[in-house]
Amino acid sequence: MKTFLLFLLYMVLAVLVILMAILLGNSGAWYFAWLVGTTMIVLIAAAGASLLDTQDEHAAQGATHGDSP
Amino acid sequence: MHDLNVVDLSRLQFALTALYHYLFVPLTLGLSMLLAAMETVYVVTRKPIYRQMTQFWGKLFLINFALGVATGLTMEFEFGTNWSFYSSFVGDIFGAPLAIEGLMAFFMESTFVGLMAFGWERLRPGQHLAVTYLVALGSNLSALWILVANAFMQSPVGAHFNPATMRMELSSLPALIFNHDAQAKFVHTSIAGFVTAAIFVTGVSAFYLLRKRHVDLARRSFRMAALFGVLATIGVITLGDALGFVGAQAQPTKLAAMEALWTTEKAPMPFNLVAFPSQSEQTNHGTLQVPYALSLLVTHSLDGSVPGVDQLEKDAVRRIHDGIPAVTALKTLSANPSDATALQQFKAHEKDLGYGFLLERYAPDVTQATPAQVNQAARDTIPAVAPVFWSFRVMVAMGLAMLAFFVMAVIYTMRNNVQDKRWFLKLAVWMIPVPFLANEAGWLVAELGRQPWTVYEMLPTWMSASTHSLGYMIFSITGFVLLYTVFIVVEMYLMVRAIRTGPGTSPGFGEDARLNPAPEA
């Protein structure tokens, strides 16, 4: 049930995005660009933090196994 | 007749309060979005360090937010107190986005800021994250409505002048919202806020790394802000170009001032990299040019040309002559609204009414204006070139410097050795004022370049101000300077204290003692 609800939520979001793209495509292209661009910037910044955690974990594992970089 | 000293003082007061307010706005816009990114990582990974990061930067966000609200409210009142004719003339249009901003965005922002600050123990992580995103969205929506209103002043669309009411009236809300100037300006301004926040976070993180304090928090904050900043800076430069492209068509006089273009030249036009413009001589001294670059930048083509001041002044003379019958017809309609001949005459010359108003400054009876007075009014259509020219270059130079900084920051942080580059960390701390100065320079380009109009080609600035006494203006400016000096001292004190204290050593703003161990050093 939880998976179905999540699926439903994401589908609604996807439809909303498509609708916004259609509505804003002609008259509000820069507004749409802001929505897409801001989402991308936020997610890439978040991904960068996760990558740092992974780098730290690898470095720690390397140190434990005696093959630190 | 307006006292021109009062008009100048009203402009000075608005500029001072707006520039001051604009010190806080970009950081709010960007930091709210960066908080959302940090909290997203917390909700996904459930690592306490990201919650601590969100709470620490959230505390600095709240200090800045409070000052932004306090200084923003006075500006909305200033329209009524110091710019009463302007408010009356375009209030039907200008008031709509301001009201939407107040009702929708501002209340949304304020409500969710409270939940964000005090809801850490009351909301589930997912709910709190949603609140943080709503704060970020609300902050940026506030900026959107303000910039929609501002864009109407720069490029008035979706409205018409009604001679029956002697006011401008809104004819299309969608045209107002989707104004090309509003779109380009909102995106440019909002993303400039992201850059400001990214520089602020990298700078403060670098401060901690230099002192080897809160290293885990600082490394992660630096990494996130560097990635956030490099993308945002690329965006802000691209969107600045878009804004220039839109502005070149909507406000050719602003473009001529930005580029110190005194004469219309054939394509491909050179770009004045450095110049010392002389308004009285209408020429540049000490010019350093880049061949072909202006045509490419402004028209995106080597064949494109844009009008210089000489051409624009000739156009202004023609439009002033065309505006004279519009003003005379309007005066007749003011006395007798049912005069069909006057109405017909007004309709025929309506588009140049603003130019007629410009002439009224020198010739109260415009029908008796001399050619010298017409030429003087035409010269007024060109903004003060030197400040616009140099503000633009300062903004662009700082933008490029920040791009170079962020590229280096990303390289070092992705190699995971930024903490070892002490020279770069020191540079990061010194970079903190740069985006604030760039933002202020951008505001100066936009608003000084709009002169002599409050509403471009429709309402001159000299007509827009209230008829206060000189003493009243001096008193209120002095009051604002004193009050705002106190504000900035308090802001700086709170910010510096919060940064020096660091995360997790003082209660408040939702900080959770369980997640905040004693400081590392």
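Before the first click, one definition: a residue is buried if 20 or more other C-beta atoms lie within 10 Å of its own, exposed if 12 or fewer, and partly exposed in between, with the C-beta atoms placed from the backbone. This is a predicted model, in which local features need pLDDT of at least 70 and side-chain atom pairs count only at pLDDT 80 or more, while totals for chains, interfaces and linings use all residues. Residues are numbered from 1 along each chain as its sequence is written, and chains are lettered from A and ligands numbered from 1 in the order in which they are written.

**Stop 1: B:Val385**

Select B:Val385, which lies in helix H14 (residues 385-414) of chain B. Helices (H or I, at least four residues) and strands (E, at least two) are DSSP runs, numbered from the N terminus. Is B:Val385 buried or exposed? B:Val385 counts as buried, because it has 25 C-beta neighbours inside 10 Å. Leaving out residues up to four places away in sequence, B:Val385 touches B:Ala257, B:Ala260, B:Pro277 and B:Gln279. Here, contact means that the C-beta atoms of two residues, placed from the backbone, lie within 7 Å.

**Stop 2: a hairpin**

Next, pick strands S3 (271-278) and S4 (residues 283-290) of chain B. S3(B) and S4(B) pair in the antiparallel sense over 6 bridges; for two strands to pair, DSSP has to find at least two bridges between them. Click B:Phe271 and you'll see it stands opposite B:Val290 in S4(B). The two strands form a hairpin with 4 residues between them, and B:Gln282 in the turn has a positive phi of about 55°.

**Stop 3**

Most residues other than glycine have a negative phi, and most peptide bonds are trans. Go to B:Arg46, in the loop between H1 and helix H2 (48-82) of chain B. Its phi is near 60°, a positive value in a residue other than glycine. B:Arg46 counts as exposed, because it has 10 C-beta neighbours inside 10 Å. Then try B:His300, in the loop between helix H9 (293-299) and helix H10 (309-335) of chain B. Phi of B:His300 is near 55°, again positive, and B:His300 is exposed, with 10 other C-beta atoms within 10 Å.

For cis peptide bonds, select B:Ala267 and B:Pro268: the bond from one to the other is cis, with omega near -5°. B:Pro268 sits in the loop between helix H8 (252-258) and strand S3 of chain B. The bond from B:Gln451 to B:Pro452 is cis too, with omega near 10°. Find B:Pro452 in the loop between helix H16 (433-448) and strand S5 (453-455) of chain B.

**Stop 4: two crossing helices**

Show H2(B) and H7(B), whose axes come within 10 Å and cross at roughly 75°. (Axes are lines fitted to C-alpha atoms, for helices over the stretch in contact, and angles run from 0 to 180 degrees between N-to-C directions.) That makes H2(B) roughly perpendicular to H7(B), a label for angles of 65 to 115 degrees. Select B:Ile49, B:Gln52, B:Met53 and B:Phe56 of H2(B), then B:Asp216, B:Leu217, B:Arg220 and B:Ser221 of H7(B), to see who makes the contact.

**Stop 5: a covered helix**

Pick helix H12 (residues 353-360) of chain B: 8 of its 8 residues are buried. Among them are B:Tyr355, B:Phe357 and B:Glu360. What covers the buried residues of H12(B) includes H10, helix H13 (371-380) and H17 of chain B.

**Stop 6: two domains**

Colour domain 1 (4-251 + 437-515) and domain 2 (309-380) of chain B; the bounds come from an automatic or database domain assignment. Their C-alpha centres lie 38 Å apart. The contact takes 12 residues from domain 1 of chain B and 13 residues from domain 2 of chain B.

**Stop 7: where the chains meet**

Finally, show both chains. How many residues of chain B are in contact with chain A? There are 23, facing 18 residues of chain A. Helices H1 (4-45), H6 (180-210) and H7 (215-250) of chain B each give two or more residues to that side of chain B. The largest share, 10 residues, comes from H7(B).

Terms used:
Angles under 35 degrees count as roughly parallel, over 145 as roughly antiparallel, 65 to 115 as roughly perpendicular and the rest as oblique.
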